[in-house]
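Hi everyone, thanks for making time. I'd like to walk you through one structure today, so let me put it up on the screen.

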Amino acid sequence: MTAPLADFHLAQPGTVDEAVAACAKHPGSRYVAGGTDLLVNMRRGITSPDQLVDLSGIDELTALATDAQGMTIGAGVTIAALARNILIADKYRALAQAAAAIAGPSHRTMATVGGNLCLDTRCIYYNQSEWWRSANAYCLKNRGETCHVAPQGQRCHAAFSGDLAPALLVLGAEIDIAGSQGQRRIPLSELYVEDGKAHLTLAEGELIVAVHLPAKPPASRYEKVRTRGAIDFPLAGVAVALTVKGKTIGALRIALTGTNSRPFLLDGTDAFAGKALDDKLLQAIDRLVQKQVQPMRTTLASANYRRLAAAALARRLTANLFAEASA
Ligand SMILES: Cc1cc2nc3c(=O)[nH]c(=O)nc-3n(C[C@H](O)[C@H](O)[C@H](O)COP(=O)(O)OP(=O)(O)OC[C@H]3O[C@@H](n4cnc5c(N)ncnc54)[C@H](O)[C@@H]3O)c2cc1C
Ligand code: SF4
């Protein structure tokens, strides 16, 4: 059961500067792009901003262009546009695979890159109706005092479950952010911290404007495990990018989503450069993944299943990509 939407003011800026100014003028505003995450949470009474700043009328956010430096993808580009872009499918394959695996076709038509990167974290005790959450005394992430997943602690372990971030992380993406202090560019990895209650490092009113990808990316792939194949968030999602040098690995990057409160690049893969890809190396990857993922009881699938699934995906994607890149 969903509650009626509370009243809110709607700002409809035509430029990035106007959007930032509208937010600064009205503290507590929220940006809305496709609305496929935010409006669901508003209907569930999880959040009720006084003002929504609608990004859909800002043309500069929908740019998708290439030059000698690489590719620039505006934050307002839809997931459907990413999934059908031939250049992305050819050169940034993990990104195309991740986009095609997001939600269902009608969501992808509305959903945007910026909204996907800023997706709220998820948990079975949080993504529920108002009456369900109130009957369970809410929880630490929203209006309550206890985390039902880890009641002894004071931290929220809700999982980040966006599909694009791991693909963009292995491809070396950077993002442009606009705020009342001007624009800045950061590596995508710096957008996130391991805290289910506040996983984004954006200051109040900051807006993601665009994502930048390098001109010569490594070969890459993305795969996820989910409950329903046709439409579902990842229980675990893994992106891998690698280069091959002779018969050995040149460089290897692995990134994960769905298991922690942030998407993250696996630490320790630099040590595989110059090594042959054999069973021993795949087992080492398996161990690294199992050590660094932190799935908790935030989904109906068990935490251990998600841990093992993440490790299995990382092994399989690395082996397949190495075989393809060496052929
Ligand atoms: C049934 C269902 C299934 C789904 N399955 C998946 C899935 O498999 N994988 C997946 O990744 N997602 C999934 N989603 C979530 C969602 O559809 C996508 O993540 C989508 O890309 C969100 O984009 P949006 O533009 O709709 O975001 P919105 O709902 O508009 O915004 C989401 C958040 O991002 C903020 N925001 C939006 N744009 C910006 C910006 N440029 N700068 C700063 N903040 C911004 C908003 O303020 C809000 O907090 C699913 C949703 C539903 C309802
Ligand atoms: S992990 Fe705990 S605090 Fe976070 S949403 Fe779930 S129950 Fe709430």
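This is a predicted model: local features need pLDDT of at least 70, side-chain atom pairs count only at pLDDT 80 or more; totals for chains, interfaces and linings use all residues.

Okay, on to ligand 1. Which residues come nearest to ligand 1? There are 32 residues around ligand 1, and the nearest of them are Tyr31, Thr36, Thr112, Asp163 and Asp232. Sorted by class, that shell has 17 nonpolar, 10 polar and five charged residues.

Now look at the backbone. Tyr31 has a backbone N or O atom 2.5 Å from an oxygen atom of ligand 1. Ala33 puts a polar backbone atom 2.8 Å from a ligand 1 oxygen, and for Leu38 the distance from a polar backbone atom to an oxygen of ligand 1 is 2.8 Å. How much of the ligand does the protein cover? On its own, ligand 1 has 980 Å² of accessible area, and the protein covers 92% of that. The elements giving two or more residues to the shell are strand S2 (30-32), helix H7 (113-117) and strand S8 (207-214).

Last bit: empty space. Rolling a probe the size of a water molecule over the atoms shows where such space is left. The structure holds one cavity of 30 Å³ or more. The largest cavity has about 90 Å³ of space in it. What lines that cavity? There are 13 lining residues, and Cys123, Cys139, Cys147, Val149 and Cys156 lie nearest the centre. By class, the lining of the largest cavity splits into nine nonpolar, three polar and one charged.

Methods:
Residues are numbered from 1 along each chain as its sequence is written. Chains are lettered from A and ligands numbered from 1 in the order in which they are written. Side-chain values use heavy atoms; hydrogens and water are left out. A residue is near a molecule or strand if one of its heavy atoms lies within 4 Å of it. A polar contact is a pair of N or O atoms within 3.5 Å; within protein, one must be able to donate a hydrogen and the other to accept it, and residues adjacent in sequence count only if both atoms are side-chain atoms. Accessible areas come from the Shrake-Rupley method with a 1.4 Å probe; for residues, only the protein chains shown count as cover. Helices (H or I, at least four residues) and strands (E, at least two) are DSSP runs, numbered from the N terminus. Ala, Val, Leu, Ile, Met, Phe, Trp, Tyr, Cys and Pro count as nonpolar, Asp, Glu, Lys and Arg as charged, and the others, Gly among them, as polar. On a 1 Å grid over the protein atoms alone, a cavity is a set of points where a 1.4 Å probe fits but cannot get out, and a pocket is an open set with protein on both sides within 12 Å along at least five of seven lines; lining residues have an atom within 4 Å of a point. Grid points are joined across faces, edges and corners, and a volume is the space filled by probe spheres set on the points.
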